[in-house]
Amino acid sequence: LIRLKPRGKEKAENWLLRKIDDAEAGGADTLVETALTSVATGRTMAEIAEGKKPTAPRRKPGPLGKPAHPGAAKKPDDPGLRRCDAPNFQEPQLCTLVDSIPTGSQWLHEVKYDGYRALIAVAKGKATVFTRSGLDWTDKFQAIADAVARLPVETALFDGEIVAFKDGRPDFSTLKEPYRIEGKKTMGLDLAAQFGWKLPDAIFYPTGGGTGLIGMWKAFDELEQLGWIGSERPRMYAVQASGCAPIVRAFEAGEEHAERCEDAATVAAGIRVPKAVAIS
């Protein structure tokens with residue numbers, strides 16, 4: 001018996017019963033050596049190879065979706081039942097924290113990518129992206145939803161991880177970057193409001209990765225689209241420590257992208273970002 005650590009507000013103790021190898025345990029290939037009959041057609045592997053017709057009728061799929069209210073289930077022959085309704089959200093199985101990794105050859109292990117757990121329901125060429133708690137995040141990952149909607153399936157519910165790669169590896173900060181820029185826009189909005197909707201001539205901004213500069217510039221563009229400010233823009237100065245200045249060096253060299261600053265060092269920890277997000 002293995003006692004599992006409680007999750008969230010759980011108070012009761014949860015136990016995992018594991019059967020360790022014993023005298024009755026078989027080999028690793030026992031299942032494929034003994035279970036030779038198809039549960040779908042009733043045929044053995046030899047009969048399938050000979051082309052024998054199925055002896056057991058294939059089970060027909062049941063209706064998709066749940067009734068909107070208790071007791072409102074429809075009969076299979078009800079003309080109001082639409083077979084192509086998108087599958088309902090299903091709460092995914094989550095990892096359970098334990099004190100040690102299980103041992104033995106009967107366990108399978110997989111890499112845990114650092115991203116957002118998501119489910120995508122698709123039907124009739126439309127897809128909805130759900131978080132693991134059931135929130136609709138389609139607007140946040142519209143490109144992924146559009147790509148899944150084009151798959152040649154009638155209905156499907158996909159369970160996976162939304163991951164952004166950086167330098168060939170999953171990087172959660174890269175995945176969150178669009179939302180960080182949205183948050184940085186508030187500096188540009190505040191500046192415009194405090195200056196009476198007329199932007200200053202110059203902005204000196206101590207920066208690490210450059211998201212603040214990008215966020216303010218994005219805010220100015222959106223304010224212009226709303227008609228609140230004109231087309232004039234302030235001169236943007238990136239202020240960085242001499243020991244960690246990837247954006248300044250890229251600008252001075254005329255580069256489109258900032259290279260990683262090796263051996264970055266500065267007492268200003270908030271702007272010690274060796275790898276800049278972008279330059280503006």
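Against which strands do the buried residues of α3 pack? In this predicted model, the buried residues of α3 pack against β3, β4 and β5. Three residues of the helix are buried: Ala 145, Val 148 and Ala 149. These three lie on the same side of α3, because the arc they cover around the axis is only 100 degrees.

The largest nonpolar core has twelve residues. Its members are Tyr 116, Ala 118, Ile 120, Val 122, Ala 127, Val 129, Phe 141, Ala 145, Val 148, Ala 149, Ala 156 and Ile 162. The most comes from β3, which gives four residues. Val 148 illustrates the packing. Leaving aside residues up to four places away in sequence, Val 148 touches Ile 120, Val 122, Ala 127 and Phe 158. A second core is separate and holds nine residues, among them Leu 199, Ile 203, Tyr 205 and Met 216. In soluble globular proteins, nonpolar side chains tend to be buried together.

Strand β3 spans residues 116-123, and Ala 123 lies in this strand. The relative accessible area of Ala 123 is 7%, so the residue counts as buried, the cut-off being under 20%. Ala 123 and Glu 154 are 31 residues apart in sequence. In space, their C-alpha atoms are 5.7 Å apart.

Helix α4 covers residues 172-194 and contains Lys 185. Is this lysine buried or exposed? Lys 185 is buried, because its relative accessible area of 12% falls under 20%. Its side chain makes a polar contact with the side chain of Glu 182, at 3.0 Å. Lys 185 also touches Gly 215, Lys 218, Ala 219 and Glu 222, with residues up to four places away in sequence not counted.

The average pLDDT is 78, and 79% of the residues score at least 70. Among the elements, strand β8 (residues 202-206) has the highest mean, at 93. Helix α1 (residues 30-34) has the lowest, at 64. Over residues 60-83 the pLDDT is below 50. This stretch still has 17 contacts in the model beyond near neighbours in sequence. Where pLDDT is low, the predicted coordinates should not be read in detail.

Terms used. Residues are numbered from 1 along each chain as its sequence is written. This is a predicted model: local features need pLDDT of at least 70, side-chain atom pairs count only at pLDDT 80 or more; totals for chains, interfaces and linings use all residues. Side-chain values use heavy atoms; hydrogens and water are left out. pLDDT is the predictor's confidence in each residue, from 0 to 100. Helices (H or I, at least four residues) and strands (E, at least two) are DSSP runs, numbered from the N terminus. Contact means heavy atoms within 4.5 Å. Buried means under 20% relative accessible area, exposed over 50%, partly exposed in between (1.4 Å probe, protein chains only). A nonpolar core is a set of buried Ala, Val, Leu, Ile, Met, Phe, Trp, Tyr and Cys residues joined through side-chain atoms within 4.5 Å. A polar contact is a pair of N or O atoms within 3.5 Å; within protein, one must be able to donate a hydrogen and the other to accept it, and residues adjacent in sequence count only if both atoms are side-chain atoms. The arc is that of the directions from the helix axis to the C-beta atoms.
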